[in-house]
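Have the structure open as you read.

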Amino acid sequence: MSNVIEINELTKYYGSLFWKKKTPALDRLTLLVPGGTVFGFLGPNGAGKTTTIKLLMDLIRPSSGQARILGEPPDSLDVKRQIGFLPDAPAFSSYLSAREFLVICAKLLRIPSATRRKRIDEVLDIVKMTNHAGSRLGGFSRGMLQRIGIAQAILNEPKLLILDEPLVGLDPHGRQELKDIIISQKKIGTDVFFSSHILSDVEKMCDSIGILNNGKLLCAGRIDQLLSATGVRLHVNPGCDNIAQDFLPMATGSIKLSDGGWELVFTTTLDLTSKLDKLRAERPGDISVSSSRENLEDFFFRKIESDRFVE
Amino acid sequence: MNKRLVVHVLVMVVSVGVSYWLGSGLLETQTGIAKSRSELSKAPMGGFNKFASDVQWMLFINYCGSINSVNEENVDEVYSRLDTILRNDPDFEKAYNIGAMMLAVQAPVRAAEILQRGANNPNLSSSWQIPFLAGYVLAHNVKESDDPQHLKKAEEMFRLAVRRSSPPERHVVSSLLRTKAKRIEKRGDAFGVKIANDKHAYLCAWYDEWRSSRATDELGGGGGPGTQIIGDVDARVLAAAQDAKNSAPDNKDVLKTVDTVISKVLANQHLCPSCLSRYNPGEKFCSHCGSEVAIYGTCKKCGAVLKGRFCTDCGHDSKNE
Amino acid sequence: MNEVMAIAGGTWSRILRMRAIYFLILCVLILIGSAYRYDVLSLGLHRILMIDVSLLLNTIAAILVAVSITFEIPKELREGVASTLLSKPLGRTHYLVGKLVGISVAGLVITGLIMIGFCLVFGSFFDRVGITMVQGHLLVMGSVIPMCAIGVFFSVFIPESLSAIVTAICIWFAHSVIALSNVPVVYAGILPDLNLFNLKAEAAYELGGIEWSYILVAILWGVAYSVFATSLASLIFSYKDLK
């Protein structure tokens, strides 16, 4: 399946026409998002996720590089007819009712007037906001606005849904509903590209992820491939600090436990395997070795941490 | 990106061109509609000059109510307020009339200057009061009102008032002629004779006016088109001639002027050679002064007064006489 | 066009839904009517005063409407409403034109209501409503379009509180062109000459002589100038990063 998003060497410096910040918000980002996936775009605050999404939505202009969505440049109106977008902090005209706002969106999306009302009713039903259709948006809570944001994003039955932090501001019930909506969109063939901080949700919903830090892409790929790189977890019992000290330089992660013991994580290598085999034979009571498959959270922190060391 | 820039620049250039073209035409038309706009204050009033003028007018009325009279102490303030009103609204007729007359005694030159501004305002071209008042102030209130230049200006203003009032008010016409006479008197001669007194000058003024109405202006008094609207010129010339003769019955210059006027202006009228009163057909003596007059309007055959073509006493036909 | 009208509809409906607007129109009409009571203080010029006050208040209403757009656009940009709309198939130029059309329609409705109200008030005090007065008001209505364009222009690149001030100053000086310059290449071309819409004194004095063609051409000038201002605004806006 072809890529729905192609980003090539995209760089963004913020600032005015005459003065630019020295550090780029986005630094030569190259990313391909394949079709048929739910893509999670991860990164700490200030990593450049929202900047990337805004560049994709043509809300800001790149300093250099280019992006294509569904094979077209981001400023193409044809492309915008095929995508749905939820901004990170959805804000709508407060004087409009939910329905009026959706009517404006429907007009912008050129949804025929014959089917407009029906479609609006459908999306209001999907986001469970039918009862609030006539209420002014100005009186809505953050969660309700988020739902209306989703409603306007899926109004045109988009091919690609771009969601910026969609789970923020929702209560657990709302989060679950939104996840269901995303999954249902995936089922009907909509590709989803979304950024999030909530890694457990991303792990459950996404097929692929990309991790961004300081404007640079650390890694991207299918989530099962990224997390399949099995490692070794070494538990060192209390009082055996000398063992821990020997292995610490090779560890990709280490924790000193409250009971005085150590938990070390390694990426599997031949050298390590032979060393551990030897240790297991010599001091079987002091250690325990198990294979480890990282969860997304561990993977994320490891990647961010390793990027920090590189710097 | 470049395409966007080119399209925008193109649209801007075309729209600026169109708006400049339309704007130039509008400015020209507007000058024709708002004729007094060039007189407007240069202060950036945001287009609310008229309203500013209205407010200042009401404050002016209020201020004038707070002072007993316009005197040396407040004359500058009154002038300043009035000037501001008129700079913001050069078409404010009432402000010219009332305001300038308030200044007329204490600051006649300023009052006259304001009134002349109003008189020259094309939007007030139908107002005869403003030029009349301007002429009045110049002729009577200005200290150097005997100065020929002031008199000439006053005369011009009165003439403007005469032209604008239709039919001209009697006192306006009278003011014009009296000012003209004053100027002639100051000059000392007219129509080749020396001016004996003010009544003689007044007669000369009327005679000149009569001549001007026939597009002849030997005195250069600024007659010409427009003065024809003064009605009853003959009767007024006659009255002036009578006054002049009565004032100096033995003065050769006066008599010469009177003779000239009678021969030119009143040639068809039957006047008593002594007092210049009109007399009726058949009368032998003037009913005013008793002087003998030449009989006219009688039947050649029987001497009866003719009432028509045929004599009512003898039936004589006077057609061929 | 659909997109433009969708944005425009949202804008004018926002303004015309505000009850305060109708209350203000009522206050304006009361003020116009109260000019009748100034007959003594104005030495009998209350008729002229009433016409002048109506034109003044109508112009102020038009200026306020134009200034209101300088709050709306920066607010939408700051809050991200504009981003949501622009993520739809809506060009930035369309967005600005939609805003301009919306605010202009609202302005025309408000100034039109004031004009009609004035005619009713004036007609109840005096025998007849002169055509010149109506023409004066129509010119004020016509000035709404370029004034709103000026508002839109400043609101795309100046922060909201400042853009309102700058717009008001610009409109003020554009009305005071006669005091500043008589160079038509600059004024009426690159800089706005709103004095072209100012025949208030002539309308107040009912001098007549205002041709309908003048009003039409003045409105056309307003539209042409608005195209220029909006196009320049759009060019600046197209390079602007949105929140």
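How many residues does the contact take from chain A and from chain C? The answer is 28 from chain A and 28 from chain C. Bear in mind as you look around that this is a predicted model.

**Chain A against chain C**

Put together, these two chains bury about 2,500 Å², and 57% of that sits on carbon and sulfur atoms. If you want to know where chain A's share comes from, look at Leu59(A), Tyr95(A) and Leu108(A): they supply 29% of the area that chain A buries against chain C, more than any other three residues.

One to look up is Arg110(A) with Glu3(C), where the closest N and O atoms are 2.8 Å apart.

As for which elements do the touching, α2 (77-82) and α3 (98-108) of chain A each supply at least two residues to the side facing chain C. The top contributor on that side is α3(A), with six residues.

**Chain B against chain C**

The buried area between chain B and chain C is about 4,300 Å², with 72% of it on carbon and sulfur atoms. In chain B, the residues losing the most area to chain C are Leu26(B), Ile33(B) and Phe48(B), which together make up 15% of what that side buries.

| Interface | Buried area | Share on carbon and sulfur |
|---|---|---|
| Chain A and chain C | about 2,500 Å² | 57% |
| Chain B and chain C | about 4,300 Å² | 72% |

**Domains**

Chain A is assigned domain 1 (3-221) and domain 2 (230-293). The C-alpha centres of those two domains of chain A lie 43 Å apart. Chain B is split into domain 1 (49-165), domain 2 (187-269) and domain 3 (281-321). Between domain 1 and domain 2 of chain B, the C-alpha centres are separated by 32 Å.

**A sheet in chain A**

Back in chain A, there's an open sheet of three strands, ordered β2-β1-β4 with antiparallel pairing. Its edge strands are β2 (26-34) and β4 (64-69) of chain A, each pairing on one side only. From one strand to the next, the twist averages 10°.

Zoom in on β1 (residues 3-12) of chain A and you'll find six bridges joining it to β2(A), the two running antiparallel. Which residue in β2(A) is the bridge partner of Ile7(A)? That's Leu31(A).

Finally, helix α1 (residues 49-56) of chain A lies across β1, β2 and β4 of chain A, at about 115° to β1(A).

Definitions and conventions: Residues numbered from 1 in each chain as written. Chains lettered and ligands numbered in written order. Predicted model: local features only at pLDDT ≥ 70, side-chain atom pairs only at ≥ 80, totals over all residues. Heavy atoms only, no water. Pairing = 2+ DSSP bridges. Helix = DSSP H or I, 4+ residues; strand = E, 2+ residues; numbered from the N terminus. Axes fitted to C-alpha atoms, helices over the stretch in contact; angles between N-to-C directions. Contact = heavy atoms within 4.5 Å. Domains from an automatic or database assignment. Buried area = accessible area lost by both parts, 1.4 Å probe. Salt bridge = Lys/Arg side-chain N within 4 Å of Asp/Glu carboxyl O.
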